[in-house]
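Dear colleague,

Please find the structure below, handed over for your reference.

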Amino acid sequence: MENPLNRVRQAVFHFAETGAALSARYHRARLMGAEHLPRSGPLLLVGNHGVWGYETPAFFHLLHAATGRYPLGLAERGFFKIPLVRTVLPWLGGVEGTPENALRSLGEGQLVVCYPGGARETFKRSQGRYRLRWERTLGFVRLAMKAGVPVVPFAGFGVDDTFFWPPGEDRLGWQLAQDCLL
């Protein structure tokens with residue numbers, strides 16, 4: 001007999017995948033250079049986050065369409081403090097962004113996506129558009145060296161043009177990130 005939770009997991013994934021496909025289509029998102037990505041084996045993709053991380057589902061959808069591989073995202077650790085999110089996020093390809101999880105996933109041959117700017121980058125203000133918020137975050141370099149995998153940089157063009165902070169409201173998102181995620 002099939003586990004009812006598996007049916008819920010499949011339904012959530014299907015719903016999310018459909019939403020990601022619609023988002024990619026609506027925004028006319030394109031993935032350029034995917035023909036250079038290997039179809040198997042471990043790989044660490046490292047790039048910039050847009051405001052609110054809104055681009056991530058469409059990007060993951062396009063990666064899967066281009067490579068046949070479901071990417072695994074190293075998600076902000078704070079998300080795993082939220083009960084429903086910590087249950088559902090792994091169903092959608094997200095794991096808690098720890099060095100141990102990243103190393104294990106790469107050891108399993110996964111296509112791993114890392115946004116070194118994390119929540120800092122998703123909650124940047126309008127005047128911070130297209131500026132990396134990586135500070136001195138170099139864990140992905142150490143991770144790639146330890147795992148012996150290539151780092152493939154990517155850039156999301158247009159991702160910071162999706163949302164703009166209303167005048168006088170630009171601190172709201174950063175405060176939310178500090179309170180909930182960081």
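**Findings**

L62 is placed in helix α2. This is a predicted model, in which local features need pLDDT of at least 70 and side-chain atom pairs count only at pLDDT 80 or more, while totals for chains, interfaces and linings use all residues. Residues are numbered from 1 along each chain as its sequence is written, and side-chain values use heavy atoms, with hydrogens and water left out. Helices (H or I, at least four residues) and strands (E, at least two) are DSSP runs, numbered from the N terminus.

**L62 and its surroundings**

L62 counts as buried because its relative accessibility is 17%; buried means under 20% relative accessible area, exposed over 50%, and partly exposed in between (1.4 Å probe, protein chains only). Leaving aside residues up to four places away in sequence, L62 touches A24, A29, R30 and L31, where contact means heavy atoms within 4.5 Å. From C-alpha to C-alpha, L62 and A34 are 9.1 Å apart in space, and they are 28 residues apart in sequence.

**The sheet**

Five strands form an open sheet in the order β3-β2-β4-β1-β5, with parallel pairing; two strands pair if DSSP finds at least two bridges between them. At the edges are β3 (94-96) and β5 (151-154), each pairing on one side only. On average, neighbouring strands of this sheet are turned by 30° against each other, direction ignored. Three bridges join strand β2 (residues 72-75) to β3 in the parallel sense, and L74 stands opposite V95 in β3.

**Helices**

Helix α2 (residues 56-67) lies across β1 (43-47), β2, β4 (111-114) and β5, and runs at about 155° to β4. Axes are lines fitted to C-alpha atoms, for helices over the stretch in contact, and angles run from 0 to 180 degrees between N-to-C directions. Helix α6 (residues 139-147) lies across β1, β4 and β5, at about 165° to β1.

Helix α4 (residues 99-107) packs against α6 at an angle of about 40°, with the axes 10 Å apart. The two helices are therefore oblique to each other (angles under 35 degrees count as roughly parallel, over 145 as roughly antiparallel, 65 to 115 as roughly perpendicular and the rest as oblique). In this contact, P99, A102, L103 and L106 of α4 meet L143, K146 and A147 of α6. By class, the contact has six nonpolar, no polar and one charged residues; Ala, Val, Leu, Ile, Met, Phe, Trp, Tyr, Cys and Pro count as nonpolar, Asp, Glu, Lys and Arg as charged, and the others, Gly among them, as polar.

Yours sincerely
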